[in-house]
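Please look over the sequence and the model before reading on.

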Amino acid sequence: MITPDTKDWTWVLDRPCPECGFVAAETRAQDVPALVRKSAVRWVQVLADEPERLRARPRPDVWSALEYACHVRDVFRLYDERLDLMLTQDGPTFANWDQDETAVAERYGEQDPLQVAAELSAWGETLAEHLDEVGEGRWQRTGFRSDGAAFTVDTFARYFVHDVIHHLYDVGALDRSAEGRG
């Protein structure tokens, strides 16, 4: 059983992540699309490993590399939907997403790594393209998490990309030089 992560990770917008080294405060939102693309390529490389190894959990309470990759794929999809809400509605509130419940319901650990790689790559590119299209005057549009945390498109982009990069760290696949950190 996975212990749910109940931390409020919004602190990464103000200070460097001591684990993965990502510094959101020094990252321009306009640079996030390139970080998404680089991270997606790295995730596809991770998913090229043997399926048995990808499904193996390092501990019973820690996701496998495949489970993390499924989560990242779904983060790309979900954050693309949320970005659209922020750009088309005034101050939307995002529905709560229970990532642990989704992992169980969608059977992350049993999914086909090649299919996950294709979907992760496609959603990553879709989100990167949509972020590339954000005009100068739109980076300050707002949205709200279900717990009330407020984001602008700018902070939203930098917050979310930390998650994607941090999970590369979690599976031992973070190339700090490629991500421009550490």
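This is a predicted model: local features need pLDDT of at least 70, side-chain atom pairs count only at pLDDT 80 or more; totals for chains, interfaces and linings use all residues.

## Helix α6

Helix α6 covers residues 153-170 and holds 18 residues. From its first C-alpha to its last it reaches 26 Å, close to the 26 Å expected at 1.5 Å a residue. Of its 18 residues, 15 are buried, and α6 is thus described as mostly covered. Just after α6, Gly-172 takes a positive phi of about 75°.

Leaving aside neighbours within four places in sequence, His-162 is in contact with Trp-9, Val-12, Cys-17, Cys-20 and Phe-22. With residues up to four places away again not counted, His-166 touches Trp-9, Cys-17, Glu-19 and Cys-20.

Helix α3 spans residues 65-88. This helix has 24 residues and reaches 34 Å between its first and last C-alpha atoms, close to the 34 Å expected at 1.5 Å a residue. Because 19 of the 24 residues of α3 are buried, the helix is largely enclosed by the rest of the structure. Leu-78 lies in α3 and is buried, with a relative accessible area of 11%. Leu-78 and Phe-151 are 73 residues apart along the chain, and their C-alpha atoms are separated by 15 Å.

The axes of α3 and α6 are 11 Å apart, and the two helices pack at an angle of about 175°. They are therefore roughly antiparallel to each other, since angles over 145 degrees count as such. On the α3 side, the residues that meet α6 are Tyr-68, His-71, Val-72, Val-75, Phe-76, Tyr-79, Arg-82, Leu-83, Met-86 and Leu-87. Their partners in α6 are Val-153, Phe-156, Tyr-159, Phe-160, Asp-163, Val-164, His-167 and Asp-170. By class, this contact of α3 with α6 has 13 nonpolar, two polar and three charged residues.

## Helix α1 and its two partners

The axes of α1 and α6 come within 10 Å and cross at roughly 20°. That makes α1 roughly parallel to α6. The crossing of α1 and α6 is left-handed. From α1, the contact is made by Val-32, Leu-35, Val-36, Ser-39, Arg-42, Trp-43 and Val-46. From α6, the contributors are Ala-157, Arg-158, Phe-160, Val-161, Val-164, Ile-165, His-167 and Leu-168. The residues of the contact of α1 with α6 divide into 11 nonpolar, two polar and two charged.

Helix α1 also packs with α5, at an angle of about 175° and with the axes 8 Å apart. The helices α1 and α5 are therefore roughly antiparallel to each other. Val-32, Pro-33, Val-36, Arg-37, Ala-40, Trp-43 and Val-44 of α1 take part in the contact. From α5 come Ala-117, Leu-120, Ser-121, Gly-124, Glu-125, Ala-128, Glu-129, Leu-131 and Asp-132. This contact of α1 with α5 has 10 nonpolar, two polar and four charged residues.

Ala-40 is found in helix α1, residues 32-46. At 5% relative accessibility, Ala-40 counts as buried. Not counting residues up to four places away in sequence, Ala-40 touches Phe-76 and Leu-120. Ala-40 and Glu-125 are 85 residues apart in sequence and 8.1 Å apart in space, C-alpha to C-alpha.

| Helix pair | Angle between axes | Axis separation |
|---|---|---|
| α1 and α6 | roughly 20° | within 10 Å |
| α3 and α6 | about 175° | 11 Å |
| α1 and α5 | about 175° | 8 Å |

## A loop residue with positive phi

Arg-107 is placed in the loop between α4 (99-105) and α5 (113-132). Its phi is near 50°, a positive value in a residue other than glycine. In general, most residues other than glycine have a negative phi.

Notes
Residues are numbered from 1 along each chain as its sequence is written. Side-chain values use heavy atoms; hydrogens and water are left out. Helices (H or I, at least four residues) and strands (E, at least two) are DSSP runs, numbered from the N terminus. The expected span of a helix is 1.5 Å times one less than its number of residues. Buried means under 20% relative accessible area, exposed over 50%, partly exposed in between (1.4 Å probe, protein chains only). Contact means heavy atoms within 4.5 Å. Axes are lines fitted to C-alpha atoms, for helices over the stretch in contact, and angles run from 0 to 180 degrees between N-to-C directions. Angles under 35 degrees count as roughly parallel, over 145 as roughly antiparallel, 65 to 115 as roughly perpendicular and the rest as oblique. A crossing is left-handed if the near helix is turned anticlockwise from the far one by less than a right angle, and right-handed if clockwise. Ala, Val, Leu, Ile, Met, Phe, Trp, Tyr, Cys and Pro count as nonpolar, Asp, Glu, Lys and Arg as charged, and the others, Gly among them, as polar.
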